[in-house]
Amino acid sequence: MTSTSSNSTCSALTSYGWDDDWADAFTPYAAEGLLPGRVVRVDRGQCDVVTADGLVRADTAFVTPNDPLRVVCTGDWVAVDPEGGHPRYARTYLPRRTSFVRSTSSKRSEGQILAANVDHAIVAVSLAAELDLARIERFLALAWESGAQPLVVLTKADLVPDPVTLAYLVQDVETAAPGVPVLSVSAEQGEGLDVLAAVVSGGTAVLLGQSGAGKSTLANALLGEDVMGVQAIRDVDGKGRHTTTTRNLLALPGGGVLIDTPGLRGVGLWDAGSGVDQVFAEIAELAEGCRFHDCAHESEPGCAVLAAIDSGALPERRLESYRKLMRENQRIVAKTDARMRAEIRKEWKRRGAIGKAAMEAKRGGLR
């Protein structure tokens, strides 16, 4: 690729996130005459790729290996055939900076990649329904694990007209999301959109959440036009049908790009141990004061986490949510890692011995 064509490519793709580091990584493929582009949509064995020459349709046969975590996905930077190939192929994709992965809802213990090269993970939560803090924590664990910066957006804030009530709801979410910005937004009234637009203008953002969370409405508000389909939610349970059926990457008028995703019914963890630790940072901090370095925070003497529960400094709901997500993550990892299975069995035996010793000590004290 000549210097002139390289500059042209950089200029045309800058709004989609192309930078000098991507250009350097693409150098060997440029020497082969391939074109760089970003995947904006994948479906039916093909993908739409935005290139310096415009939007092209490419076959994904070379980028759909048996490993589901290595298949091409929305947000990837790919090397595609130049014009003239029939069909044109996406030959490979550049190493991902970040990747958002969840476990599938099937029993095959497989991971599913939802989006790649994401800078901001926006967890959309509707205020039209009762807050589910445990689900928010689950989304945040996956977001932190991906390498992206999470942001919780409370949508439909116009449905909570009392500012005091709204402030309490925001505070509840902030408690469940340490270190994560929480923003209340009303797409209908335009409240909070300027702040959100400023946050996502600096890179790639992915919209996550359940059906009915208002993701498509939010996407349309950020885009400044009705690009994504929107359907009314059901009055009976506050949920909606999936108005987005594929993951689409769209350039925002104020800068940055947005990936809108279908509503996620199941949000299973996939090797997200560090993400869980980050969501429950206060528990990790308290654990440093435990008597035993491998304390499970269940019945061990000198447990600083349990002491915080007793004093009211740590809500019991937080500890229960932490335990649930850690157990789930361990099960997922153990299904694909024989060494982890052995370590979990060893840990169960250790905890059983501790519990037995505690019971015997208790009986001895009652004699």
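**View 1. Asp-19, at 24% relative accessibility, counts as partly exposed and meets Arg-97 in a salt bridge.** Accessibility is classed as buried under 20% relative accessible area, exposed over 50% and partly exposed in between (1.4 Å probe, protein chains only). The model is predicted: local features need pLDDT of at least 70 and side-chain atom pairs count only at pLDDT 80 or more, whereas totals for chains, interfaces and linings use all residues. Residues are numbered from 1 along each chain as its sequence is written, and side-chain values use heavy atoms, with hydrogens and water left out. A salt bridge requires a side-chain nitrogen of Lys or Arg within 4 Å of a carboxyl oxygen of Asp or Glu; between Arg-97 and Asp-19 the N to O distance is 3.0 Å. This pair links distant parts of the chain, 78 residues apart: Arg-97 lies in the loop between strand 5 (90-93) and strand 6 (99-103), and Asp-19 in the loop between helix 1 (3-13) and helix 2 (20-31). Helices (H or I, at least four residues) and strands (E, at least two) are DSSP runs numbered from the N terminus. Arg-97 is also partly exposed, at 45%.

**View 2. Helix 10 (residues 316-336) contains Arg-318, the partner of Glu-282 in helix 8 (residues 281-287).** The N to O distance in the salt bridge of Glu-282 and Arg-318 is 2.8 Å, and the two residues are 36 apart in the chain. Arg-318 is buried, with a relative accessible area of 1%, whereas Glu-282 is partly exposed at 24%. Within helix 10, Glu-320 and Arg-323 are 3 residues apart and therefore separated by about one helical turn. Their closest N and O atoms lie 2.8 Å apart in a further salt bridge. Glu-320 is partly exposed at 37%, while Arg-323 is buried at 17%. The whole structure holds 11 salt bridges.

View 3. Rings of Phe, Tyr and Trp (its six-membered ring) pair if their centres lie within 6.5 Å; planes under 30 degrees apart count as stacked, over 60 as edge-to-face and the rest as tilted. By this rule there are 6 aromatic pairs. Phe-62 lies in the loop between strand 3 (54-59) and strand 4 (77-80), and Tyr-89 in the loop between strand 4 and strand 5, so the pair ties together parts 27 residues apart in sequence. Tyr-89 is partly exposed at 21%. Phe-280 lies in the loop between helix 7 (273-279) and helix 8, and Tyr-322 in helix 10, 42 residues apart. Phe-280 is buried at 0%, and Tyr-322 is buried at 15%.

**View 4. Strand 8 (residues 120-126) is mostly covered, with 7 of its 7 residues buried.** In a regular strand the side chains alternate between the two faces of the sheet. Here His-120, Ile-122, Ala-124 and Ser-126 lie on one side and Ala-121, Val-123 and Val-125 on the other. Strands pair if DSSP finds at least two bridges between them; 7 bridges join strand 8 to strand 9 (residues 149-155), and these strands run parallel. Ile-122 has Leu-151 as its bridge partner in strand 9. Strand 8 also pairs in the parallel sense with strand 11 (residues 204-208) over 4 bridges, where Val-206 is the bridge partner of Ala-121.
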